[in-house]
Amino acid sequence: MIIPRLALRNLLGAGLRTWLNVIVLSFSFVLIIWLQGLYKGMGDQARVAQTDAEFGGGQYWQENYDPFDPLALQDAHSSVPESLQTLIENKQAAAILISQATIYPEGRLHTILMKGIDPAQSVVTLPTQFLDQEGEELPALIGTRMARNTGLKVGDTVTVRWRDSQGTFDARDAKIVQIMKTSVPSVDLAQMWVPLDKMQSLTRMKNEASLVILAQGTEEFPQVSGWIHKDMKFLLKDIDYLVKTKSVGGSIIYTILLCLAMLAIFNTQVLSIFRRRKEMGTLMAMGMTRSKIIQLFTLEGAMHSVLAALVAAIYGIPLLAWSAKTGWAMPEAADDYGIAGIGEALIPVYGTGLVVGTVVLVLLVTTIVSFLPTRKIAKLKPTDALRGKMT
Amino acid sequence: MKKTISVFSLLVLMTATAMTQAPPSGEDILKRVDANIGSDNKIATAEMIIHGRRGSRSIKSKSWIYGIEKSYTEYLAPAREAGTKMLKLEEQLWTYIPSTDRTIKISGHMLRQSVMGSDLSYEDMMEDPELLNLYNANIIEESTFLERPCWILELTAKVEDISYHSRKIWVDKERYVSLKEERFARSGKLLKVFEVKEVRSIQNRWVPVHMVFKDALKSGKGTEYFIESIEFNADIPEALFTKASLR
Amino acid sequence: MIKFIIKGILRDRSRSLIPILVVIFGVFLTVLFYCYMKGAVNGFIDTGAKFDSGHVKIMSRAYDENSDQIPNDLAYIGAEQLISELKQEFPGFVWTKRIRFGGLLDVPDEAGETRAQGPVAGMALDLFTEDSLEWELLGIEDSIVRGKAPESPGEILISDEFADSLEIALGETATLISATMYGSMAAANFTVVGTVHFGISALDRGAMVADVKDIQMALDMEDAAGEILGFFENFVYREEEAGLAALKFNAKYEGDDDEFVPVMKSLHQQGGMVEMLDMINMYMPVMVTVFVIIMSIVLWNAGLIGSLRRYGEIGVRLAMGESKGHLYRSMIAESLILGCIGTVLGTAFALVIAFWLQEKGFNISQLMQSATLLINDVIRAKITPFAFVIGFIPGLLANVLGSSIAGIGIYRRKTAQLMKELEV
C-alpha cells in the first residue's frame, strides 16, 4: 500500500504541473465522450427520425403488405382486427392505408402512393393535424422532396386518380394543405398523405388498413391473424447496418483524441523521470527495488487519468448533461416548415458503455504510456542516480 | 395486339348497319350498338400514331379476330416491334417477343400498363366489348357530332368490378355507330376521351376508320388509330388462336 | 545567436528530441484530424454520389423535372457525343453514363413458361468499355457474394436475396420485362452470373446490375442515357468547383426552350444530400476548432514543461552573467525554432498520409468482411490549403506561448535560487 500512497503524494506534491496535465487529460475525457456522443447522436438521428416519423414502436403489416413491391399493394389491405382497433382508439396505434395512385400536376403523370392516416393521431410525428379540414377537396400533406419533384405548393390543387377496392377508377382534386420538412425520405418521396376516413370511403375500403403503427414504448405484441408484427430490429435493419459501417470512421476520431491525451502524459513522464533521478537514487538507497520504483512512477502517471476522470466528472457531467438536454440546434431549423421536429437539433447520446469504456480505455492507455519511459529506470545505477546522472 | 382487338370490337360496334329509325330506349340503342360489333370473323390492318413528348411514333399491326373472344395480332412496324405477337383467349392475354423467344402472360398489374406507349392500357383493350353486360344505359340528350345527329347515352355501371364507373357515348342515330365516348371516375371526373374522326362504309358496314384516344388528365395529343383495311366474315383457321402459333 | 541555438538543439538531444517529437506528433495529429474531417464530408456523401448523384449529374431537362419517376422516356439522346464534348470541356472530370430502370425479372422453366417472377430495380452501368469507371467506383468485384462479375454482354448481377427468392442458379437465364423508352413492352434475356449484397433492403429484395449497352438495346434507348454522372478525377467532391462547372455547362443552354436539352446539377444542387451536407458543414468547423484548442493546450503545456525542466541550466547561464532579457529571448527563439521544425515536419508527415488517403483511400469494408455494393466505406482525407497552416496554431503559437510564460519565471527567480536548483 505504500506505493499508491506515495504515488498520490508525489503527484499532488508536484502541484501546478500535475494539475495542468490532469486538466488536459480531463478535457480529452470530456471531449472524447462528447464527440463520440455527438457522433453516435448523429448516427442515432436517422434512427430516431425514422422511428418518430415512420416506425413508431413497431408495426403490424397486413399479410400481403410489402413496402418494396408496389404491385402487391392492391391486395394489401384488410379490416383492422379488433385488438389493434382497441389500441388505435386508445391512441396507442395508428392505422395507415396505402394505395397506388397517379397525380397529374400540370398535366404530367406521376405515379405515387396515397397514404391515409388519422389526422388526430399522435403515434408518429407527421403534422397530420393539418389534414383535419372540411371541404369538397381532399386535403393532402406532402413532403418537401415531393413538393420539389412535382412543383406543388401549399394551396395548390392537383388531380389524384386511383382505383378503389373493386378496381374502379376514381379521381378527386386534392388540395395541398401543408408541406412538411422531414429528414425521412420514406415518408416524403412520391407519396401524398390524406385523411384516413376519407380515403377509406373513397377507395371503398371501410375500416381497412395496410399497416398499423404502434406507439413508441409498446411492449406487448400479441399474435393477430392475417397481420404480421414487425419489430424495431427488423424495421431499423438498414440503419443499423449503415451505422455499424460508419462507426469505424468514428473510432478514428476517438483514436486521435486519445493520442492527444497520451501526448501530454508521455511528455510529463519523460520529464519527471529526467528530473527525479536523485529521488530514485534515494529510494534505491533506502532499499526499494527497481521494479518497485517502476511501479511507483507508472502509478503516478496512471493516476493522472484517475484524477482527470474525477476532474472531468466535476465539470463534465453538468456540461454533457446540459448538452444532451439542449442538443445542438441548427440555425436554419427555424424555417417555414418546422413542424415535424425532425433533424433540427443534434442531440448527443452517451451510453453507459461509452462512458465506462472511455474511462477504462484512457486508464489503460495512460498506464501503458506512463510505463514506457520508466524502463529507463531499470538500467539505473543507484550511485549514478544519487548523483543525478542518467546513463 | 389486344388493343387492336378491342379497338376492333369498338369499331365494329360503331359499325352499325344503318337500321331503322325508332325512338328506342337507351338499352335498345346499346343493344343495337353491341349487335353491330358483330360476332363474325375479321382481319384488319391498322396504324397507331402515338403523340408523345418526343414526337410521334407510328406502329402498324395486323389482327385476326375470331368472334369477340379470341384475337391474334402481329406487329409489322417499326422494325423493332415487328414480329411481336399478341394472343387474347377470352380473359387471358399472351405476348410473344421474338428477341427473347419467350411467351409471356400479361396479367395482374401488367394489364394496367400502356400498350406500346399509347393512351390505352391492355386492360382497356381487354374489356368486354358488349357494354350492355356492364352498364345500364339512359338517353340523356340529343346532339350532333361529326355532323351526324346523335343520342347521348349515359352508362352507369351495373357490376362492381369495372374500371370506369360511368360513361357517356354519342351514338349515331341512323348508323348506330358510337362516335364519341367519355369515361368517368366514380367521382364524375372525366378520365378518358375517345373520338371518331372519320366513318366509312366498308362491305356495307359503317366503320370508324380514324379515331383518337386520350387520357383526359394528361396533357398531350393522345393516340390516333387508323384502320387501313378490314375484311369481314374472313376465313381464319382456328389453330391460329393457340399459344403454339405465337412462336 | 540563431546558429548557436540550432547547434544547441542538435547537440543536446535531451533538450531537443523529446520536445520536438512532441510537437511533431501534436501537429501531425492536428493536421491529420483536419484533413480527415474534411474527407469525412466526402465519406458521408460518398454512397449517394456513387450511386445516384455523381459529383455532377447531367440529365435532360425533362428527366430532371421528373427524376423521382425514373422517366426513361425522357432520357437524353446523344450520350456519346455529349460525353466526348464533356471530356474536352471539363478535363478535371471523368464521366460515365447510367440508366436506371424498373420492371419484372422473370425466370422461365424448361418450356419457357414463367417459373418465378419478381419486381426488379435495375441499374445499367458502363461495364465493358475500356475506360469504364464503374468497377473502381462501386467496387463491384469486392462485393460479389456468389459467382463472378459480368465479363461479357448479356451477363448480369442480381441481389443475393433476390436470387434466393427466385430460386435461380448462377448461369441460368432470366428475362427482364420492362418498357422501352417509347412505352412499348420490352423483354430481353440475360444470364445471371453472380450475386451481390447491397445492405439496403429495398435493393436486396430485387435489384439487377447490367451493362448499359445491353439495357440500351433492351429498352430501345440507342445512344440514350438516363443520367450521365461526372466525378472529379480523384473522386473527392469539391462543392464550389462542381457548382461552377454546372453554371458553365448550363449557361450554354440558357434561353433554349427545348425540354430535352441537357442540364447539369452538382451534387449539392440535387435533392436529398443538401441537408446532410449543410449539417456537416456546420459541425465540422466546431469540431476542428475544439480539437485545435485542446491540442494547443497540450503543446502549450509541453512548451511550459520544456522550459521548466531547464531551470538548472538557466541558473548557470544567469550565474555566468547572461542578462535575464537575453536569456529570455534566446529561450523563446529556441522554442520558436523547435516549434517551426516540429510543425513543418509534423505537417509534412500528416500531409503525406492525408495525400495517400485522399488519392487511394482506405477501404474499411474489406476489413469488415461485409462488403456491399452500396456501402463501400472508404476512409478518405482531403487536403485543403488551410491544412498547410492549421498545424502552426498548436505547434508554434501554443508552444512558444508556453515557453514564454515559463520563461517569465526567469525574471522572478533569484540567481542563487536557480543555482540551488542546479545542485550539480
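**View 1. The side chain of B:Ser63 and its polar contact with B:Thr73 in a predicted model**. The side chain of B:Ser63 makes a polar contact with the side chain of B:Thr73 at 3.1 Å, where a polar contact is a pair of N or O atoms within 3.5 Å, one of which, within protein, must be able to donate a hydrogen and the other to accept it, and residues adjacent in sequence count only if both atoms are side-chain atoms. B:Ser63 lies in strand S2 of chain B, residues 55–66, strands (E, at least two residues) and helices (H or I, at least four) being DSSP runs numbered from the N terminus. B:Ser63 counts as buried because its relative accessibility is 0%; buried means under 20% relative accessible area, exposed over 50%, and partly exposed in between (1.4 Å probe, protein chains only).

**View 2. The interface between chain B and chain A**. The contact, meaning heavy atoms within 4.5 Å, takes 21 residues from chain A and 19 residues from chain B. About 1,800 Å² is buried between the two chains, and carbon and sulfur atoms give 49% of this area, which is the accessible area (1.4 Å probe) that two parts lose on being put together, summed over both. Between chain B and chain A there are 4 salt bridges, each a side-chain nitrogen of Lys or Arg within 4 Å of a carboxyl oxygen of Asp or Glu. A salt bridge joins the side chains of A:Asp173 and B:Lys189, with 3.2 Å from N to O.

View 3. Leaving aside neighbours within four places in sequence, A:His229 is in contact with A:Gln59, A:Tyr60, A:Leu214 and A:Phe221. A:Gly58 is 171 residues from A:His229 in sequence, yet the two C-alpha atoms are 7.4 Å apart in space.

**View 4. The two domains of chain A**. Domain 1 comprises 2–52 together with 239–386, and domain 2 comprises 59–230, with bounds that come from an automatic or database domain assignment. The centres of these domains, taken over C-alpha atoms, are separated by 50 Å. Chain A has 11 helices and 13 strands, and buried residues make up 54% of its 391 residues.

Residues are numbered from 1 along each chain as its sequence is written, and chains are lettered from A and ligands numbered from 1 in the order in which they are written. In this predicted model local features need pLDDT of at least 70 and side-chain atom pairs count only at pLDDT 80 or more, while totals for chains, interfaces and linings use all residues, and side-chain values use heavy atoms, with hydrogens and water left out.
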